[in-house]
Amino acid sequence: MRLQLLFLFLLIASITFAQEITVLGNDNGEPIENVAIYNKDKSRYTLTDISGKADLSQFTDTEVIIFKAVSHVEAYRRKREIQNNNNIVILESLENQLEQVTLSVARFRLKKDEIPQKIISISPSEIELASPQTSADLLESTGQVYVQKSQLGGGSPMIRGFATNRLLLTVDGVRMNSAIFRSGNLQNVISVDPLMVENAEVILGPGSVVYGSDAIGGVINFYTLRPKFSFTEGTSFSGNTYTRFATANNENTVHADVNIGRENWAFRTGVTYSDFGDLKMGEHGPDDYLRTEFAERQNGMDVMVPNPDPLVQKPTGYDQLNLLQKIKYMPSKDWDFNLGLTYSETSDFPRYDRLYRKRDGVLRSAEWYYGPQKWFLGNLNINHRSRSQFFDKLQFTSAYQFFAESRNDRNFGDLILFSTEENVDAYSSNLDFEKAFAESKLFYGVEYVLNTIDSKGSFRNIETSETGPTASRYPDGSQWQSMAVYSSYQWKVNERLSLQSGIRYNHILVDASFDDRFYDFPFDKADISTGALTGSLGLNWRQNDFVGWRLGLSTAFRAPNIDDVGKIFDSEPGSVVVPNPGLKPEYAYNAELGADFNFSDNIRLGLTGYYTYLGDAMVRRNFNLNGVTEIDYQGEPSRVQAIQNAANAYVYGIEAGLEVDFSVALRLQSQFSYTKGEENEGDEYVPLRHAAPMFGNTHLIWNKRRLKFDLFAEYNGEFDFEDLAPGEQDKPYLYAMDANGNPYSPAWYTLNLTGQYKLNSNWLATVSLENITDQRYRTYSSGIAAAGRNLIIALSYTF
């Protein structure tokens with residue numbers, strides 16, 4: 001009897017044990033906690049525990065069991081499959097999948113190993129580890145995008161020798177570039193909150209076939225937090241809170257986002273507030289960067305006040321608010337509707353590089369600041385799956401954006417504060433299709449963009465409060481329109497070879513009327529109607545398990561916008577840029593060759609070489625108005641200049657990336673970029689302004705269970721005086737001085753260490769010590785020194 005009881009006990013125990021399974025991640029083999037496990041009608045449901053274990057005894061042997069986790073790809077299994085795999089379920093990391101596909105190249109998902117373009121993917125865990133203060137810092141952390149800063153509230157990306165309005169920004173597939181994106185450094189990227197970014201992709205090189213004007217040097221795509229449906233019956237609630245403090249600028253950031261999910265509806269709400277103080281530079285470096293004095297108004301007079309701490313760049317601080325609301329509705333498997341609302345607003349923020357310029361030993365400006373930078377994006381996205389003979393997938397995106405910015409400046413000792421204020425209403429609609437055939441895919445679509453610009457100029461006497469109008473920065477009421485049709489085709493010749501081609505026609509309309517109350521222009525209107533045809537052709541060939549090749553040929557263009565055609569502004573002391581209605585598009589012709597080497601399962605090397613030629617480049621050159629070469633601008637005699645199709649340029653470079661997995665826990669990652677660019681001025685070629693010095697980073701990452709360490713270095717080469725573009729040579733205040741008294745951009749490096757510890761399934765702590773050796777440096781062309789030694793402490797709670 002005892003033997004029978006023992007046998008029965010062992011039988012029950014074995015059956016119970018057989019029902020217990022373990023869920024592991026494929027990236028590190030670690031158990032996954034809180035995996036939702038349920039059947040199709042969600043009548044049976046369970047969760048994995050902290051050890052990744054769950055009991056499946058409630059499920060039948062025949063039904064399909066669904067495994068779903070926030071950071072992993074959804075999986076479907078039957079009990080028998082699990083038992084045959086020793087009761088282990090392996091889930092693929094969502095980041096691994098994101099690294100294998102791209103949304104940016106065709107607006108639909110494509111496998112990266114089938115496209116010729118080089119794509120940078122930034123995953124959620126990389127964003128979390130980097131702890132960036134702004135999206136500009138996030139891009140810089142990749143080691144493949146260079147970032148210039150004129151002030152703390154700034155960040156102008158440079159890619160392959162191009163920047164500003166020769167790069168395209170998109171948010172959730174919506175074009176962010178407006179008709180007043182300028183050739184001078186931009187700071188619009190800081191409107192995108194990195195804590196609201198779920199992942200990002202950067203196309204290195206032209207992208208005009210899909211994205212149109214401006215996509216010459218690259219396309220930067222941000223994808224914000226997405227709503228998620230409920231895993232179970234009823235309503236699910238989840239979310240995240242985050243707080244961060246940094247010592248270099250006394251940053252205080254708080255963030256929260258909440259997701260409410262039901263079976264067919266999902267809502268996601270997010271808010272971030274950041275307060276940035278004045279930025280402190282490092283101890284060791286050029287004294288030229290020190291902030292020894294600043295302007296202050298005392299007793300009705302402007303005075304120069306000694307800075308008690310010359311390392312503190314005063315004034316540079318500002319604050320920023322970001323809001324997000326997303327709604328997703330999926331009435332059936334063939335339809336889904338997505339509404340996104342995004343808002344960003346900064347306080348006033350100083351244009352720091354204008355506040356330390358001097359004339360005869362006296363500061364030129366008493367005040368120079370940007371007014372609140374505001375940005376609103378409302379977009380509706382509709383996706384439909386069909387078996388039509390014309391398409392399998394349809395995507396419609398319609399968006400409205402509002403941009404507001406202003407500039408305010410007053411000369412030292414002057415009572416008049418000059419201001420310009422710009423508002424842009426931007427409307428866009430895209431209709432995109434995908435049709436799959438046996439071994440190929442066809443993508444095609446149409447696009448319409450309309451920008452209207454409201455621009456005003458004014459002055460105010462700071463003592464008497466007298467106000468009045470002055471020349472606006474842009475023609476008030478001007479419009480910029482773009483209409484386009486495009487198509488691209490991907491043919492998978494075999495398992496190792498894919499070909500891709502594309503073509504796009506764009507038509508641009510510019511309508512602007514000029515106000516002659518302040519300047520006697522020899523024209524009263526700009527009425528431009530111009531077209532641009534671009535194309536691309538490339539292949540991706542996985543020759544063998546050791547090497548794969550990427551080859552791409554493409555053209556891109558940038559059509560003149562309102563900033564090019566109609567702007568009035570002071571480009572530099574003693575110069576003023578005036579409108580030029582005679583502009584036409586500039587064209588880029590690009591070729592690139594890439595190779596990816598797999599020396600073994602744990603050593604990978606990527607190399608890319610590229611060459612781009614830019615024809616009819618729109619550049620700033622001396623100009624005249626009815627023979628007049630100098631006019632009075634805001635009380636100062638200024639040389640007349642204008643944007644003109646007056647140059648050709650070329651850029652070539654090499655990009656390298658290395659990954660070495662020493663073990664499952666230890667990885668080395670390194671990126672390096674070298675760029676050389678020149679443009680012609682008359683009969684000679686001179687350095688191209690936005691071709692950055694060689695730069696890169698190297699990371700040694702150790703990750704084991706709940707603990708992660710990242711020891712990394714950032715580094716940057718030197719630009720001698722002869723390496724600087726002429727326009728940069730004329731801005732000695734931005735640079736250090738060499739032994740001959742000429743400006744130059746010194747080489748620099750930083751050593752940094754980040755540690756991350758997952759306390760439990762809810763709490764994550766991140767601590768970083770950046771610029772450990774307290775270097776004092778400025779990135780090339782920047783007007784503000786980077787942070788000195790900087791302790792960053794961040795804590796997040798996920799529920």
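Guide: Two strands pair if DSSP finds at least two bridges between them. Helices (H or I, at least four residues) and strands (E, at least two) are DSSP runs, numbered from the N terminus. The model is predicted: local features need pLDDT of at least 70 and side-chain atom pairs count only at pLDDT 80 or more, while totals for chains, interfaces and linings use all residues. Residues are numbered from 1 along each chain as its sequence is written, and side-chain values use heavy atoms, with hydrogens and water left out.

Visitor: How many helices and strands does the protein chain have?

Guide: The protein chain has eight helices and 54 strands.

Visitor: What makes strand 25 and strand 26 a pair?

Guide: Strand 25 (residues 318–332) and strand 26 are joined by eleven bridges, and the rule asks for at least two, so they pair. They run antiparallel and form a hairpin with two residues between them. Glutamine 325 stands opposite leucine 341 of strand 26.

Visitor: How do you know that strand 26 and strand 31 pair?

Guide: The same rule applies: eleven bridges link strand 26 to strand 31 (residues 374–385), so the two pair, in the antiparallel sense.

Visitor: Which residues make up the covered face of strand 26?

Guide: In strand 26 (residues 335–346), Asp336, Asn338, Gly340, Thr342, Ser344 and Thr346 form the covered face. The uncovered face holds Trp335, Phe337, Leu339, Leu341, Tyr343 and Glu345.

Visitor: Why is serine 406 called buried?

Guide: Buried means under 20% relative accessible area, exposed over 50%, and partly exposed in between (1.4 Å probe, protein chains only). Serine 406 has 13%, so it is buried. Serine 406 lies in strand 32 (residues 393–411). Contact means heavy atoms within 4.5 Å; leaving aside neighbours within four places in sequence, serine 406 is in contact with Tyr369, Tyr370, Gly371, Thr420 and Glu421.

Visitor: What share of the protein chain is buried?

Guide: Buried residues are 54% of the 799 residues. Of the contacts with a separation of 6 or more, 66% are between residues 24 or more positions apart.

Visitor: Why does the radius of gyration agree with a compact globule?

Guide: The radius is taken over C-alpha atoms, and the globule rule is 2.2 Å times the number of residues to the power 0.38. For 799 residues the rule gives a value near 28 Å, and the protein chain has 28 Å, so the two agree. Along the principal axes, the C-alpha atoms fill a box of roughly 110 × 65 × 50 Å.
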